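Take a look at the model below.

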Amino acid sequence: MAITGVLRPGHVQIRVLEMGPALKHYTQVLGLREVARDDKTSRVFLKAWDEHDHHSVVLREAEEAGMDRMGWKVDSPATLKRLAADIEKSGLCTELGWIDAGEQPGTGQMFRFTIPTGHVMELYAERTRLGNNCGTAGEDVNPDPWPDGQTGISPSRFDHCLLYGDDLDGTVKLFTEVLGFGMAERVMAGPDLIGAFLSCSNKAHDVAFIRQPVKGKFHHASFLLGSWEQVLRAGDILSRTKTSIDIGPTRHGITRGETIYFFDPSGNRNEVFAGGYSYYPDKPAITWHADDLGPAIFYHDRKLNEAFLSVFT
Ligand code: FE2
C-alpha cells in the first residue's frame, strides 16, 4: 500500500526555559541546523540534515518545559480538509480550529486539535522545501550520500514522540479509526491497554502513548541514526559534552530499536535511535504484558529505570 493520508511526524514544538543553552544543545550536541527565528513568539526553527522540508523542531522559550504540540504532514490540501472534517465528526477532540498559513515559517494552513490524552496536534499539507544538500535542493543533482558540515550527533531526521496521558483508549481510537494509523505494538495490563505504538508509515512507530494519570505530558522526542555504531558514538558525544544521559546505549524490546535517552538543559528528554523493523499495515500487533514491562522498554537491563515512568515534562 502506498503511504497516503498522514505521511509522517512533521514537527514538534518544545518549550525550553532558556533559549541560549537550549540552542547550544540542539545545534551543537544533537546537531540540528537552525533555519529561522521568530522573535515575536520567542521561537527558533531547526531541521535535521536529511529532511527536505523547512523545519521539524521548533524551540519556544517559556516558563515551563514540555511539548506545545506535534505536527503531522499529510499528502495534500484535499486530505487536510477531509481529515479535519473526520476529526470534527468523530467527537473525540476538543479545541479544534484552523490556523492561518504562516503561523510557522514556510507552512500552509494547519488544522489544530486537542486529542483525548490532552496533547495538541496539528495537520498541515504544505511546507517550503529546503532540501538536504544531497539531491533535493533546486538544481542539486548527482548527490553525495551525506552533506559537509555536520556537527554533533547529527541524526538524519525527527522520527517520533512518546507521550503520556490518561485517555489512551480515546487517543488510540482517534489515531486508528480516524487518522488511519496501525497498531504495531501494545502493552496490556490485564484487559487494559496501557501502551500503544502507532505507525502511519513503514516505520515501527511514528508516535507512542503510555497511559499515565496526567494530561498532555511529553516523554521524549526521538531522532533517527543509521546504525548501532552511531548510537554508541552519540553516547561518546553526550559524555564528552557532559550532557545528562538517562539510559543507554541499549536496546528497546518494543520496536527492537537501539537507543540512548538524554536530557536537554530544560529537562526535556531526547532520544537518538537506530534499527527497528519495517512495518506494513497487515502486520499483526505485538503484545507485551505490563508485568514484564522491563525487557519491553530496556531489553538488556530487563527492568525500567526509575526515571522512565516518573520523569517527563
Ligand atoms: Fe522513542
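H220 sits in strand β13 (residues 217-224) and E271 in strand β16 (residues 269-275). The two are 51 residues apart, so this pair links distant parts of the chain. Strands (E, at least two residues) and helices (H or I, at least four) are DSSP runs, numbered from the N terminus.

A word on the source. This is a predicted model: local features need pLDDT of at least 70, side-chain atom pairs count only at pLDDT 80 or more, and totals for chains, interfaces and linings use all residues. Residues are numbered from 1 along each chain as its sequence is written, and side-chain values use heavy atoms, with hydrogens and water left out.

E271 counts as buried because its relative accessibility is 1%. Buried means under 20% relative accessible area, exposed over 50%, and partly exposed in between (1.4 Å probe, protein chains only).

Now the domains. The assignment gives domain 1 (6-124) and domain 2 (157-310); such bounds come from an automatic or database domain assignment. Their C-alpha centres lie 19 Å apart. In contact (heavy atoms within 4.5 Å) are 44 residues of domain 1 and 44 residues of domain 2.

How much area is buried between domain 1 and domain 2? About 3,100 Å², of which carbon and sulfur atoms give 72%. Buried area is the accessible area (1.4 Å probe) that two parts lose on being put together, summed over both. On the side of domain 1 that touches domain 2, β1 (6-16), α1 (19-29), β5 (66-74), α2 (77-90) and β8 (120-124) each supply at least two residues. β1 gives the most to that side, with 10 residues.

Last, T313. T313 lies in the segment after α6 (306-310). With a relative accessible area of 15%, T313 is buried. Beyond its neighbours within four places in sequence, T313 is in contact with residues including A65, K217 and N268.
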